Amino acid sequence: MSAGAGVAERIRNNLEELGLDAMSSSFDEYASLVAAGSRSFGDAMLEMTDAQLALVRRRDLDGRIRKAGFPYVKTLRDFDFSFQPSVSRPVVENLATLGFVDRHENVVLVGSPGTGKTHIAVALGVEAIRARKLTYFVDCQRLVRDLEHAAEKGALERRLRFYSHLSLLIVDELGYLGIDKEGADLSFQLISRRYERRSTIITTNVGIGSWAGVFGDPVVASAIADRVCH
């Protein structure tokens, strides 16, 4: 890997043009190590490509996390289980293995404001993205507005396909505001499409038995609850 100044500069330029930033920035260091005999050419290339691959993977993960729509990025390491003793750590850690996603099951996180529901939902979403599962986070009211807007524009089928295709859909804050009849019907369509095909996480401050008050229709609420809690 020993090279003259002109050759070394061309190598660095080539690495930069190829977008291999990590390799370009460390080239001089590794060239010196190889010239001094403290690294073989093969070991130097392996370490440089390992660093480049780690950078690519980190950028890819960061990009997919940004596209997921999280309000913030939190992991389970950040969650203070001692502050919320009502939250079962073994249950949450088991969910983090993502077996429920592989089985196309759903998760409903029920609790008062401030109990960490959204934090846990985001953390599970981050784990899903790390496992390369297509994940999206959306506030319940924003989801309903999006579907209603798509219906008005004649694009409902396209939006339903988008939401139905996701491996994991996280619907946050169901129950904080009521949902009108059109929104309830559209929510039912979406949940029905995902039923036993994809996984959904719902955070809510309203017990499932009281969802009729959220959706304004006990029949629709019962149908949604049945599919979510199958």
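How exposed is cysteine 229? I find cysteine 229 partly exposed, with a relative accessible area of 41%; buried means under 20% relative accessible area, exposed over 50%, and partly exposed in between (1.4 Å probe, protein chains only).

**Basis.** I note that this is a predicted model, in which local features need pLDDT of at least 70 and side-chain atom pairs count only at pLDDT 80 or more, while totals for chains, interfaces and linings use all residues. Residues are numbered from 1 along each chain as its sequence is written, and side-chain values use heavy atoms, with hydrogens and water left out.

**Cysteines.** I looked for disulfides (pairs of cysteine sulfur atoms within 2.5 Å) and recorded 0. The sulfur of cysteine 229 has its closest cysteine sulfur in cysteine 140, 15 Å away, which is too far for a bond. Cysteine 140 counts as buried, at 4% relative accessibility.

**H2 and H3.** I took helices as DSSP runs (H or I, at least four residues), numbered from the N terminus. Axes are lines fitted to C-alpha atoms over the stretch in contact, and angles run from 0 to 180 degrees between N-to-C directions. The axes of H2 (residues 21-36) and H3 (residues 41-67) come within 10 Å and cross at roughly 160°. The two helices are therefore roughly antiparallel; angles over 145 degrees count as such, under 35 as roughly parallel, 65 to 115 as roughly perpendicular and the rest as oblique. I recorded their crossing as right-handed, that is, with the near helix turned clockwise from the far one by less than a right angle, anticlockwise being left-handed. Contact (heavy atoms within 4.5 Å) involves, among others, Phe27 and Tyr30 of H2 and Met48 and Leu55 of H3. By class, this contact has 11 nonpolar, 3 polar and 3 charged residues. Ala, Val, Leu, Ile, Met, Phe, Trp, Tyr, Cys and Pro count as nonpolar, Asp, Glu, Lys and Arg as charged, and the others, Gly among them, as polar.

**H8 and H9.** I found H8 (residues 156-165) packed on H9 at about 45°, with the axes 9 Å apart. H8 and H9 are therefore oblique to each other, and H8 passes H9 in a right-handed crossing. Residues in the contact include Leu160 and Arg161 of H8 and Leu190 and Arg193 of H9. I list 5 nonpolar, 2 polar and 4 charged residues there.

**H9 and H11.** The axes of H9 (residues 181-194) and H11 (residues 218-228) come within 10 Å and cross at roughly 20°. I therefore class H9 and H11 as roughly parallel, with a left-handed crossing. Phe188 and Ile191 of H9 and Val220 and Ile224 of H11 are among the contact residues.
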